[in-house]
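Please keep the sequence and the model in view while reading.

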Amino acid sequence: MIKLLDISKKYGGKELFSHFTAEFKEHEVTCILGASGVGKTTLINIIAGIVPPDGGRVVFETDGKERVLRGSYVFQEHRLLPWLDVHDNLELVLKNVRKSDGRGYTKEERAELIRKQLKLVGLEAYEFSDINELSGGMVQRVALCRAFLYPSELLFLDEPFKEQDPKLKDELYETFFRAYENDPLRRTVLSVTHDIPEALRLADTIIILSGSPVKIAGSYEKSEFSEELTEKIKELL
Amino acid sequence: MKAELSRSAFATWHRRVLVILFWLAVWEIAYLLIDRDIYFPSPVSVVMTFFRILAEKNTWIIVGLSTYRTLFAIVASAVLGVVIGIVCGLRRTMYDFVNPLMVILKSTPVVSVIIISIIWFRSTDVPIFSGFLMCFPIVFTGTVAGVRSADPKLIEMCRFYGVGRVEMLKSLYFPSAKPYINASVISIVGICWKAVAAAEVLSMPRLSIGANLYFAKTSLDPALLFAWTAIIILLSFVFETIYAKVSGYDKTFGHQ
């Protein structure tokens, strides 16, 4: 369980969050839906530890015990190093990782993990391609691949499919599900979007944010997803 | 396609030769107007002197020793400039500590550096030290700017994924700073040759281009002075071209 306790955050004098409290379930995909500028990215950045809150705290709890969790992140932009090829970009995030026995991965182990993950996202033929040679969709798949390759318990998605056309979005959703369903770590996914169809497609739970300071305007489980809910969400946004 | 390329290469060379011929003509006209060999030599006499000194065995030893001094100063200022520049680019406190020294070095006249070096060092080491002091702040400033130009979003990504410091330096900061480093190293090549030659004129190491420039002046031989100057210009051009080729830097447009 991820618990946000009494979170407050101001940006440029504007009170974005004031005593904001929320809970997110483990091992499922939660989509945080809200209008542009409502504070969705700030919220997951607070959870990810990128942005410190002005007040309150984030607690990661498993079996009633507080834990420190590692996260992966797929940003809005791919954030791959343009001077490295696909392999080196992926290897970069593995070089400092320690296994449970305290040792790091050997070069061969890293190469094996990279090959496996690239196969899952359908990019095995592009392992040694330059980032600049890949299309926008392929580059975003490499970013997804990096996030699943990095051993973490949490995966943050900050509208990574935003700039893509509908056909490419479909392909990226498929890629995401293929990687997610084959993920041995059963990560907890927190995804941020303002795209209702995307949230309905990806999420097990949808949380609607609105207002200033931000409040949870609604929370819906997959079993509740329907045409009527889509209309209701539109009204809430 | 191949024929088109060779035609365009030919046109480029054709244009270059024409430009050189134009400036040689301007030089010759100026020479004819001034009409005093002691003030302004003719291009013909300079070219003849140039080839005459090249034919002398001693010239190659002199060129070799001056090249060694310049190369030493360039390499030392590039290596130290990059290393200290990276540290200062990453650490604001270090930058605040080192930068005043760089500001002073950048504003100090080269002649002051040479004269103080003459007091401190042997005549053969003065050009190296002077060249180093003139070039080091340029590489330092370029490297600091390059490191600071690293994309903050990529820095955030690396930090989020726990990429190690050495790896960040190797994979993020150094590649971001590379175009700046290359531009500053290209620019110090010419500056270093000028500083080393000036230092050699004043410190007078026995075998040096600078000492020969001084000799040309005292013997009132402007053709010899121009010929040695042409050697410095040629060497500087060759150094720049080699560095640009090795580093993949486009001298014309400053692209990587």
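In chain A, residue A:S8 stands opposite A:G55, which belongs to strand β4(A). This model is predicted. The two residues mark a place where β1(A) and β4(A), the latter spanning residues 55-62, pair in the antiparallel sense over 5 bridges. Strand β1 (residues 2-11) of chain A also pairs with strand β2 (residues 14-24) of chain A, again in the antiparallel sense, and here there are 7 bridges. Within that pairing, A:I2 has A:F24 of β2(A) as its bridge partner. The hairpin of β1(A) and β2(A) has 2 residues between the strands, and A:G12 takes a positive phi near 55° there. In β5(A), A:K65 is the residue opposite A:T62.

| Strand pair | Sense | Bridges |
|---|---|---|
| β1(A) and β2(A) | antiparallel | 7 bridges |
| β1(A) and β4(A) | antiparallel | 5 bridges |

As a general principle, strands of a sheet pair through backbone hydrogen bonds, either parallel or antiparallel. The strands described above form an open sheet of 4 strands in chain A, with the order β2-β1-β4-β5 and antiparallel pairing. The edge strands are β2 and β5 (65-67) of chain A, since each pairs on one side only. From one strand to the next, the twist averages 35°. Helix α1 (residues 40-48) of chain A packs on this sheet and touches β1, β2 and β4 of chain A; the direction of the helix makes about 125° with that of β1(A).

Chain A also has backbone features in its loops. A cis peptide bond, with omega about -5°, joins A:S212 and A:P213. Residue A:P213 is found in the loop between β9 (205-210) and β10 (215-221) of chain A. Another residue, A:E159, has a positive phi of about 45° although it is not a glycine. The loop that holds A:E159 lies between β7 (154-158) and α5 (166-181) of chain A.

Chain B is built from 10 helices and 0 strands. Its C-alpha atoms fill a box of roughly 70 × 60 × 35 Å along the principal axes. Of the 256 residues of chain B, 34% count as buried. The domain assignment of chain B gives domain 1 (1-35) and domain 2 (42-247), and the C-alpha centres of these domains lie 30 Å apart.

Helix α3 (residues 57-90) of chain B packs against helix α6 (residues 126-148) of chain B at an angle of about 35°, with the axes 6 Å apart. The crossing of α3(B) with α6(B) is right-handed. The residues of this contact comprise 20 nonpolar, 7 polar and 2 charged.

In chain B, residue B:L220 has a positive phi of about 50° although it is not a glycine. B:L220 is placed in the loop between α9 (209-218) and α10 (222-247) of chain B. B:L220 counts as exposed because 11 other C-beta atoms lie within 10 Å.

Finally, the two chains meet in a contact that takes 14 residues from chain A and 13 residues from chain B. The side of chain A that touches chain B has 10 nonpolar, 1 polar and 3 charged residues.

Definitions and conventions. Residues are numbered from 1 along each chain as its sequence is written. Chains are lettered from A and ligands numbered from 1 in the order in which they are written. This is a predicted model: local features need pLDDT of at least 70, side-chain atom pairs count only at pLDDT 80 or more; totals for chains, interfaces and linings use all residues. Two residues are in contact if their C-beta atoms, placed from the backbone, lie within 7 Å. Ala, Val, Leu, Ile, Met, Phe, Trp, Tyr, Cys and Pro count as nonpolar, Asp, Glu, Lys and Arg as charged, and the others, Gly among them, as polar. A residue is buried if 20 or more other C-beta atoms lie within 10 Å of its own, exposed if 12 or fewer, and partly exposed in between; C-beta atoms are placed from the backbone. Domain bounds come from an automatic or database domain assignment. Axes are lines fitted to C-alpha atoms, for helices over the stretch in contact, and angles run from 0 to 180 degrees between N-to-C directions. A crossing is left-handed if the near helix is turned anticlockwise from the far one by less than a right angle, and right-handed if clockwise. Two strands pair if DSSP finds at least two bridges between them.
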